[in-house]
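Q: I would like to learn how to read aromatic rings in a structure. Can we take it step by step?

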Amino acid sequence: MKPDQVFLNTSARGSDFEFNEEVAAVFDDMLVRSVPFYLEQRLLVDEIVQKFWVKGTNVYDLGCSTATALIRLSKTMDPTAHFIGYDNSEPMLELGRKNVKEENLENHIELRYGDLNNDLSKLSLDNASAVTMCWTLQFIRPLKRDGLIRRIYEDMVDGAALIVTDKILTNDTNMNRFFIDFYYDFKRRTGYSEEEILRKREALENVLVPYRVDENFELFRKNGFEIAETFFQWYNFAGFLCVKNPGKIEFQSA
């Protein structure tokens with residue numbers, strides 16, 4: 001992986017953050033060093049997808065970035081499984097398609113352009129038994145989140161799972177600060193300097209908007225999901241498992 005040095009540049013400003021070519025080139029390293037227990041969380045997500053996937057249905061990744069997660073998942077599942085990834089960053093998709101081609105997985109993984117903050121009529125989630133949104137929902141404008149979650153729910157088959165991982169807020173301002181301090185300690189341990197941490201925080205300030213755990217539960221449940229539970233939490237990071245019509249669940253062997 002190419003090392004993430006995006007915010008070493010002193011000219012970086014808060015308004016400069018976007019998922020451009022520079023970010024795409026180092027994104028895998030950025031995730032591992034910026035998301036606590038990233039690899040463990042991905043393992044949990046993969047396990048859940050494998051349990052909920054049903055033969056003849058599709059797996060979707062909303063915010064697929066460089067397709068690294070889809071490539072890894074496709075190698076562990078039934079060869080008949082079909083994977084579709086959406087992203088609104090052309091540099092991410094370009095690199096993702098290159099990665100898919102290098103792994104000879106073009107017949108299993110399809111990458112599409114999709115802007116989850118805009119016209120959802122162009123977003124096809126046909127025959128979905130598992131949908132993942134890993135560190136993606138937090139970048140969707142709050143006014144757009146209800147429509148997106150409702151659309152996902154409506155396109156899913158019965159017994160399907162939506163898996164979401166995101167940053168979260170606490171119910172108490174002081175506790176929120178407490179958790180963030182631990183998070184910055186984590187970033188220091190992964191090699192980020194104080195300047196890099198500060199610059200990235202400023203860059204994301206008006207771009208990444210986290211919800212509290214209870215706000216996420218409300219979002220999922222009011223838009224259809226009969227089950228919404230956490231399957232992971234580390235300070236200000238959490239994973240959510242949401243299930244449509246759970247009475248129809250028939251687990252598929254991995």
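Q: Where does R33 lie relative to Y192?
A: This is a predicted model. R33 lies over the face of Y192. The distance from the ring centre is 4.0 Å.

Q: Which ring does the charged end of K244 sit over?
A: The ring of Y153. The charged end of K244 is 4.8 Å from the centre of that ring.

Q: Now ring against ring. How many aromatic pairs are there?
A: The count is 17 aromatic pairs.

Q: Why is the pair of F19 and F139 edge-to-face?
A: Planes over 60 degrees apart count as edge-to-face. The planes of F19 and F139 stand at 80°, so this pair qualifies. Their centres are 5.3 Å apart.

Q: Which parts of the chain does that pair link?
A: Distant ones, 120 residues apart. F19 is in the segment before α1 (21-34). F139 is in the loop between β4 (128-134) and α5 (142-155).

Q: Why does F19 count as partly exposed?
A: Buried means under 20% relative accessible area, and exposed means over 50%. F19 has 25% relative accessibility, so it counts as partly exposed.

Q: What is the geometry of the pair Y153 and F225?
A: Edge-to-face, with 85° between the planes. Centre to centre, the distance is 5.1 Å. Y153 lies in helix α5, and F225 in the loop between α8 (213-222) and β7 (227-234). The pair therefore ties together parts that are 72 residues apart in sequence.

Q: Are Y153 and F225 buried or exposed?
A: Both are buried.

Q: Which residues do ring pairs link into a cluster?
A: F178, F179, F182, Y183, Y184, F186, W234, Y235 and F237.

Technical notes:
Residues are numbered from 1 along each chain as its sequence is written. This is a predicted model: local features need pLDDT of at least 70, side-chain atom pairs count only at pLDDT 80 or more; totals for chains, interfaces and linings use all residues. Side-chain values use heavy atoms; hydrogens and water are left out. Rings of Phe, Tyr and Trp (its six-membered ring) pair if their centres lie within 6.5 Å; planes under 30 degrees apart count as stacked, over 60 as edge-to-face and the rest as tilted. Helices (H or I, at least four residues) and strands (E, at least two) are DSSP runs, numbered from the N terminus. Buried means under 20% relative accessible area, exposed over 50%, partly exposed in between (1.4 Å probe, protein chains only). A charge sits over a ring if NZ of Lys or CZ of Arg is within 6 Å of the ring centre and within 35 degrees of the ring normal.
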